[in-house]
Amino acid sequence: PDPRTKMPTLERLYDKNKPLFLFRDVPPNEREALFGKKLQLCSYCFDFSDPTVFTREKEIKRQTLLEIVDYVNQGQGKFTEALLDDINYMLSQNLFRTLPPTSSEQTGLCTAAMFDPEDEEPSLEDSWPHLQIVYEFLLRYVVANDIDIKSGKTYIDQSFVLRLLELFDSEDPRERDYLKTILHRIYGKFMVHRPFIRKAINNIFFRFIYETEKHNGIAELLEILGSIINGFALPLKDEHKTFLQRALLPLHKPKCVGMYHSQLLYCITQFVEKDPHMADVVIRGLLKYWPVTNSQKEVLILGELEEVLELTQSAQFAEVMVPLFKQISMCINSTHFQVAERALFLWNNDYIVNLVAQHRHVLLPVCFGALEKNAMNHWNPVVG
């Protein structure tokens, strides 16, 4: 039966005169039914914006959540098929909610040009005293071996995964951390969902890159992808190469790339480590999305370029070296001294200098003029 139709009223579930027994106080054969009642009790959600209302009921729910987490920790057999609907209903009621608007959206400063999560204090979730324990319960639910995965349609389906992914836009870093762990476990356990999860993450990236440029969970999603890419088999599938070109490389475009750049860099270098031929694709992608007016992004991408070049073999390097060193020459002559300094640092890398030396007849005419001009005329003596 649908849990919503058999749901007792709030007054009845939280009745002072009829509190639910503790698990340890009932015989083992009655514990499943008691678990169902406790799940019903935990399905009621309270407004945490006013700490003075329902204080007794909120504390009862918190203690009950702790108790059911403790109960499912005591060995297998707690997640039975008879209770799946009640479990999923409790999780949905607590987790799947409309996320509150950001403070910038509330003040009207919510255009992509003004979106800078680093400038804002994240608004923490008021209901975290309950929500954290619900996430602990979900984590145990996902990793439990009690239920046959083949009955996964009623267990963790695509709709459930999609709604979890929507929560990655939460401003609360504690919530995103739980979501990252849980989605990674779902990806590892439910092989049937893997293509769907990759596609859904892809779609979040597309919306972020080409529509909103606002999302709080890009770094966490990239962290999950770093582990996924690490496990890709060789030779790389066309689907994965397309993902690199259409989703990962364009992530250099948004203004707030600094918020997730280290995770993005890990994903990109994983591709080049697995298949050296990807170096050509990556370097051309970096050149395509090279920032024109954002010096901080230029410094980031020059650092990324150094890491990619260290993984690049001579044959791939030869294919991209001329446009690459034209761009590096422009950076050497940049009036922003940090950009010029970072470009010159490339010459401290023995591996890169060795690559250049192998192709010096082609590359010296490209970059010698920039090096000479920098030495003679740069306004900053540290760079010149």
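Colleague: With which residue does E67 form a salt bridge, and how far apart are the closest N and O atoms?

Modeller: Some conventions come first: this is a predicted model, in which local features need pLDDT of at least 70 and side-chain atom pairs count only at pLDDT 80 or more, while totals for chains, interfaces and linings use all residues. Residues are numbered from 1 along each chain as its sequence is written, and side-chain values use heavy atoms, with hydrogens and water left out. Side chains of opposite charge can pair when their charged atoms come close. The criterion for a salt bridge is a side-chain nitrogen of Lys or Arg within 4 Å of a carboxyl oxygen of Asp or Glu. Here the partner of E67 is K38, with 2.8 Å between the closest N and O atoms. E67 lies in helix α3 (residues 55-72) and K38 in helix α2 (residues 31-42), so the bridge ties together parts 29 residues apart in sequence. Helices are DSSP runs of H or I with at least four residues, numbered from the N terminus.

Colleague: Is E67 buried or exposed?

Modeller: Buried means under 20% relative accessible area and exposed over 50%, with partly exposed in between (1.4 Å probe, protein chains only). E67 is buried because its relative accessible area is 16%, and K38 is buried at 2%.

Colleague: How many salt bridges are there by this rule?

Modeller: The count comes to 13. Among them, R198 pairs with E239 at 3.1 Å between the closest N and O atoms. This pair links distant parts of the chain, with R198 in helix α10 and E239 in helix α12 (residues 238-248), 41 residues apart. R198 is buried at 14%, whereas E239 is partly exposed at 40%. Another bridge joins the side chains of D172 and R174, at 2.7 Å from N to O; D172 is buried at 1%, and R174 is partly exposed at 32%. R97, E125 and E175 are linked in a network of salt bridges.

Colleague: Which residues of the largest nonpolar core touch the most other members?

Modeller: In soluble globular proteins, nonpolar side chains tend to be buried together. A nonpolar core is a set of buried Ala, Val, Leu, Ile, Met, Phe, Trp, Tyr and Cys residues joined through side-chain atoms within 4.5 Å. The largest one here has 105 residues, of which F137, F205 and L248 touch the most other members. Helix α6 (residues 128-143) gives the most to this core, namely ten residues.

Colleague: What is F205 in contact with, leaving aside its neighbours within four places in sequence?

Modeller: Contact means heavy atoms within 4.5 Å. With those neighbours set aside, the partners of F205 are I218, L221, L222, L225, F243, A247, L248 and L251. Q327 lies in helix α16 (residues 314-332) and is buried, at 16%.

Colleague: Which helix supplies the largest share of the lining of the largest pocket?

Modeller: On a 1 Å grid over the protein atoms alone, a pocket is an open set of points where a 1.4 Å probe fits, with protein on both sides within 12 Å along at least five of seven lines; lining residues have an atom within 4 Å of a point. The largest share, six residues, comes from α10. Of the 43 lining residues, T98, L99, E166, D169 and S170 are the closest to the centre of the pocket.

How values were computed:
Helices (H or I, at least four residues) and strands (E, at least two) are DSSP runs, numbered from the N terminus.
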